[in-house]
Amino acid sequence: MEFSLLGPISVTSGSGELPLGPAKRRSVLALLLLQPNTTVPLEQLIDSLWEDEPPEHARTVVQGHVSRLRATLAAGGAEAYGIELATHGSAYLLRLPEELIDAHRFGELVALARPEAAPGDAVPLLREALGLWRGPALTGTVTSPPFAAAAHALEERRLSAVEALARAYGALGEQEQAAALLYSAAVNHPLREGLIAALMRALFRTGRQSDALEWYHRTRRLLSEELGVDPGERLRAAYEEILRAEATDRGRKPAEPARGGKGAPADEPAFHVKHRSDAPSADEGRSGTATGAEPVRGKAGTAPRLLPRPPARFLGREGQLNALTEALADRTTGESPLAVVAGPAGVGKTACAVQWAHLHAGAFPDGQLFADLRGFGEGDEAAPAEVLRDFLQALGTPPERVPNSAQAASALFRSLVADRRLLVVLDNARSSAQVRPLLPGGPHCATVVTSRSRLDGLVATDCARPVGLQALGHEEGVALLGAMLGSERVAEDPAAARELVDLCDGLPLALRAAAAQLTARPRWRLARLASALRDERRRLALLSAEDTGIAAALRMSVARLSADDARLLRTLANSPDGHLNASAAAALAGYDQERTQDALERLADMHLVDEEATDVYTISTLTQLFARDEGGDGARRGESGDGTEPGGPGGGAG
């Protein structure tokens, strides 16, 4: 059970969110959560719930709300979590483990972070802490001074965490990240001088001196007009520091152009120079613009870096990486290039796209956006409006200015990025319709989409370049095992290593799961695992590691099938050698041939079968095993019509 104060007041149990009722009842719970394991007098509750004179029956109202809260918590299984709402005379006590309260977890994470001493550790801690926030604190409570004061105190703690995260980014040299983070906060808190001072320094360190000084003058005017005061010491100190640095820079001898940066300005930020010299710009040569030219930015001046961490032990795929470069560096059409990385579950689509994005991040200095569209993940796919909200806020749009409709948000997104050099990575897409509202329109932007479906619709309407990803061959598969386990261990039994690649169908996800099994059992030789995997009844179970495994990945694909297509897949899985044509499949499934042909095309589009030759369809061994063992359940789930399947990984299955 979890209690949320950092956003709308809510309580979530294993069965979902509990119904808390009207604002006053939520406010009673909020006040008890703000003082957990402490008796709260009834009079304090009354004073907090009514801003004006409370009614004569106020005590009865509060007692009624407490009684209903007690019943709601009990229905959600509070006792199993050690939660008790007790009455002590004319006071109430909410007894619970404090780690169940998001505000408490937030405080613990912030306290653990040391942005100056250990910035590398502080960044994930502070990001996790800020990720607990789902909106303004204490949303849904009454608008009385005690709750306003409590919400303000929580917001101050949030802003302090934002500033700490920015300092950690700065200590790591990631000034663009720091500036993007501080910009969003500064727009919503334009009179917080410490925040503005930090933003000014971050902007200056990215080479945007004029933006930094503009923030100072804007804030100075606001302070004068709204509060009648002059800038404080922190804001003045940042301003004077930037002026002194500018004067020093003007007195220096002009620097030599950066390596590979033809015509690069001498005072261009080192961050950009480094990347442009290490990775080719996707629009080098466009309209005569040199690689080192200053990037075009929107008014926000932000450069979000939302890519996941680079994939560990990424090997091979040179052909696909080169194909992505060729597709996304094409500026001859004047259009925003788009590539679709497609392939079966577990083949490593996400890893390939993210690896390419990191290799070429320098070609997109205005930022890299990333979203998991959950097309083949647990639960519902991501709605375009949800993704656009995240993108727009990352680009500096204040939350209250993000349009509610997906159509309006899409238009605003395209407008903001029209002149930017921006990379968008859309992972785990289910359909072309899900992707289209998220495509940038600017000719200097590029988009990579990954999907288990071919997304032929994007090829037809948006000239997407398909980049197919196939299973690894013996050489690449053995190399991956060597990278995961150590080359010496693999070299002890090269024949067993090659057999493991075969038993895993050459799928990186399955090979990584096999490597995890061997890592956990350092005394096992590869041949012992190969022997175990030969047992088809155990293979899928052995090729799993916690929430990651080939069975879970395939389950997400099968869950998206109609009942008829799932039934046909099971029929193919029971064929002797996994090879069938449409005529044979129709006879086995009891369908007419035209209907079977259409279904086979849909299965091929989802990479659950391959069309090896004209009208010759094959099914991989692991897919066969899954469809035989669990395909019946998948078909029955398909008949429910909801298209969902509990369990399994999200986009990570690739």
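The legends below accompany close-up views of a predicted model.

**Figure 1. Overall make-up of the predicted protein model.** The protein, with its 654 residues, contains 28 helices and 16 strands. Of these 654 residues, 50% count as buried. When contacts between residues at least 6 apart in sequence are considered, 71% of them join residues at least 24 apart.

**Figure 2. The largest pocket and its lining.** The largest pocket holds about 1500 Å³ of space, and 38 residues line it. Those that lie nearest the centre of this pocket are L130, R158, L181, S184 and Q393. At least two lining residues come from each of the helices α5 (119-131), α6 (145-171), α7 (175-188) and α14 (384-394), and likewise from strand β8 (368-372). Among the contributors, α14 gives the most to the lining, with seven residues. By residue class, the lining of the largest pocket comprises 19 nonpolar, eight polar and eleven charged residues.

**Figure 3. Strand β8 and its pairing with β9.** Strand β8, which supplies at least two residues of the lining of the largest pocket, has four of its five residues buried, so it is largely enclosed by the rest of the structure. Five bridges join β8 to strand β9 (residues 423-429), and the two strands run parallel. Within this pairing, L369 has V424 in β9 as its bridge partner. Strand β9 also contains N428, which has a positive phi of about 65° although it is not a glycine. With a relative accessibility of 6%, below the 20% limit, N428 counts as buried.

Figure 4. P399 is placed in the loop between α14 and α15 (406-416). Its relative accessibility is 36%, and P399 therefore counts as partly exposed, a class that spans the range between 20% and 50%. Leaving aside residues up to four places away in sequence, P399 touches N188, R389 and Q393, and Q393 is also one of the residues that lie nearest the centre of the largest pocket. The C-alpha atoms of P399 and G135 are separated by 9.3 Å, although these residues stand 264 residues apart along the chain.

**Figure 5. Helix α27 and what covers it.** Helix α27 (residues 593-605) consists of 13 residues and reaches 18 Å from its first C-alpha to its last, which is close to the 18 Å expected at 1.5 Å a residue. The buried residues in α27 are T596, A599, L600, L603, A604 and D605. The elements that cover these buried residues include the helices α17 (456-462), α25 (563-573) and α26 (582-589), together with strand β16. After α27 comes H607, whose phi is positive, near 60°.

**Figure 6. The open sheet of β14, β16 and β15.** Three strands form an open sheet in the order β14-β16-β15, and their pairing is antiparallel. Because β14 (579-580) and β15 (610-613) stand at the edges, each with a single partner strand, one side of each is left without a neighbour in the sheet. Three bridges join β15 to β16 (residues 616-618), the two strands running antiparallel, and E611 stands opposite Y617 in β16. Strand β16 is also among the elements that cover the buried residues of α27.

**Figure 7. D505 in a loop between two helices.** D505 is found in the loop between α20 (494-503) and α21 (508-520). The phi of D505 is positive, at about 55°, although D505 is not a glycine.

How values were computed:
Residues numbered from 1 in each chain as written. Predicted model: local features only at pLDDT ≥ 70, side-chain atom pairs only at ≥ 80, totals over all residues. Heavy atoms only, no water. 1 Å grid on protein atoms, 1.4 Å probe; cavity = no way out; pocket = protein on both sides within 12 Å on 5 of 7 lines; lining within 4 Å. Points joined across faces, edges and corners; volume = space filled by probe spheres on them. Nonpolar A, V, L, I, M, F, W, Y, C, P; charged D, E, K, R; others polar. Pairing = 2+ DSSP bridges. Expected span 1.5 Å × (residues − 1). Buried < 20%, exposed > 50% of the residue type's maximum accessible area, 1.4 Å probe, protein only. Contact = heavy atoms within 4.5 Å.
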